[in-house]
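Colleague: Before I rely on any of the labels in this model, I would like to go through them one at a time. Could you set each one against the rule behind it?

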Amino acid sequence: MLKALIWLILTALSGGGVVVYALHQQYEEQSAEFRILYRDITVKLSQNDVILALLSNSSDPKVVQQKFPYILRWQTSPHDPPRPDINPARAGTYWINSPQGSLLIDLPTLLADFVRTQKFRHFSLSWQGTPLLTQGEAGDKHGWRWEKSIASPSQPLNLAVTNNPDWRMLPWFLIILLGVFWAVAIYFYNQYQVTRRQRNIADLRAHFSELARLNAMGEIAAGMVHELNQPLTAILSYSQTAQRLIKQQQTDKALPLLDASVIQTKRISALLLAFREKLHSDEQALQPVNLRQVWERVGMLLGNEIERGKINVINQIPESLPALMASPLGIEQILHNLLNNAIQAQQQTEKGWVCVHASQTATSIILTVKDGGQGLTDQALEQVFMPFFTTRKEGLGLGMALTETLVQRLNGSIVAENIPHGGACFTLTFPLAQQEA
């Protein structure tokens, strides 16, 4: 909606500017036509003064009528009493009076060429408010008006024309192009913003994944100390006992102790190898993972939280579900985060529940995890996989971001939504093609 509003504003501003400029150009062009019309009419009317001065009583009326068909009558003696300079007769005719004589001018005939070719909607020539010649529609309905008095001592007529803008001549194609331009510009800017945000999110996730890996180092190191302490203690005990038996010439009893020490040493090697693989930043090798068994192991790890929150965990993962080619540690971390979040969302619920369901389609394995909490807010639905977004005060907001990253590493997808009667639902889709990789 905001993008549409921005597009509308930009298109309106730029299109409005184009329209204003085009209307200004039309006005200037018609102003130039008015000046030309005014000049031609002024020249034409000034000829009457010259004709009046040249006519005499001996002038042949037929010749005069032939050369000047707009002169209806004339006289070469002044009127007594004197008349005004202009004396309107009937519609479109008027007398020109001067000390040399008078002319009766037929104005429509005089200006026939100009009136016929002029492009204004309304055209009028008047004298002291008395219209002598009008053409076209009523001028009071038009937007543009030009008016000027003829610069003639004997014929100071008033020329007035009106017109409206020609909306058909506006550059509509250019205005449409401007709309298309702003739409394309906003689209590419939005794509740039989306790409930059995705790149930033990807960088953040990579950084947070590294932080999570480094944070896990401390936990793994503490676990390794515990795991290594037992075999090392056993090796020390077996070696000391074997050493004592050898000194006592009881070699046959010392050999089983030395074999046990070798087994414990191999166990230490395996633990160290697993420790190195967990700390390695490269992708781990994929192997068949039984989702039902991993879910049961996660339930055991979170057994205290489940018991304390009185959560009923429903396992609907069929035993016949094919194994998923994935990293066992990654799948365990995904399910651990989902179950832990479901438990945390139902701390204030008397009878909480979590249901996990898995099914197989022709191309994928679909895993859903539902809970009986209050569901996710609109903001949480939009930002649940954003790093540092959390609804818990003690949360860091990295669990679901890391979960989405682990799912995407398997070419899968994860979607969060609310179920109709309350609670959240996370749907994970893993392609079967991944299993064949």
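**Labels and their rules**

Modeller: Of the 437 residues of the protein chain, 38% count as buried, where buried means under 20% relative accessible area, exposed means over 50% and partly exposed lies in between, with a 1.4 Å probe and protein chains only. This is a predicted model, in which local features need pLDDT of at least 70 and side-chain atom pairs count only at pLDDT 80 or more, while totals for chains, interfaces and linings use all residues. Residues are numbered from 1 along each chain as its sequence is written, and side-chain values use heavy atoms, with hydrogens and water left out.

Colleague: How many helices and strands are there in the protein chain?

Modeller: The protein chain has 11 helices and 15 strands; helices (H or I, at least four residues) and strands (E, at least two) are DSSP runs, numbered from the N terminus.

Colleague: Why is the pair of Tyr27 and Trp146 called stacked?

Modeller: A pair of aromatic rings is described by the distance of the centres and the angle of the planes. Rings of Phe, Tyr and Trp (its six-membered ring) pair if their centres lie within 6.5 Å, and planes under 30 degrees apart count as stacked, over 60 as edge-to-face and the rest as tilted. By this rule the count comes to 7 aromatic pairs. In the pair of Tyr27 and Trp146 the centres are 5.2 Å apart and the planes stand at 25°, so the pair is stacked. Tyr27 lies in helix H1 (residues 2-54) and Trp146 in strand E7 (residues 144-149), so the pair ties together parts that are 119 residues apart in sequence.

Colleague: What makes the aromatic pair of Tyr187 and Phe188 edge-to-face?

Modeller: The planes of Tyr187 and Phe188 stand at 75° to each other, with 5.4 Å centre to centre, and the pair is edge-to-face. Tyr187 is partly exposed at a relative accessible area of 47%, while Phe188 counts as exposed at 54% relative accessibility.

Colleague: How do you know that Lys148 lies over the face of Tyr38?

Modeller: A charge sits over a ring if NZ of Lys or CZ of Arg is within 6 Å of the ring centre and within 35 degrees of the ring normal. Lys148 is at 4.5 Å from the ring centre of Tyr38 and lies over the face of that ring.

Colleague: What is the order of the 4 strands in the open sheet?

Modeller: The order is E6-E5-E8-E7, and the pairing is antiparallel; two strands pair if DSSP finds at least two bridges between them. Strand E6 (130-136) and E7 are the edge strands, since each pairs on one side only. Strand E5 (residues 122-127) and strand E8 (residues 158-163) pair in the antiparallel sense over 5 bridges, and the bridge partner of Leu125 in E8 is Leu159. H1 packs on the sheet and touches E5, E7 and E8.

Colleague: Why is Thr42 called buried, and with which residues is Thr42 in contact?

Modeller: Thr42 lies in helix H1, and its relative accessible area is 15%, so Thr42 is buried. Contact means heavy atoms within 4.5 Å, and, leaving aside its neighbours within four places in sequence, Thr42 is in contact with Ile150 and Ala151.

Colleague: What makes strand E3 mostly covered?

Modeller: In strand E3 (residues 93-98), 6 of its 6 residues are buried. Thr93, Trp95 and Asn97 point one way from E3, and Tyr94, Ile96 and Ser98 point the other way. Strand E2 (residues 86-88) is joined to E3 by 3 bridges and the two run antiparallel, with Asn87 opposite Trp95. E3 also pairs in the antiparallel sense with strand E4 (residues 101-106), over 6 bridges, and there Trp95 stands opposite Leu104.

Key:
Axes fitted to C-alpha atoms, helices over the stretch in contact; angles between N-to-C directions.
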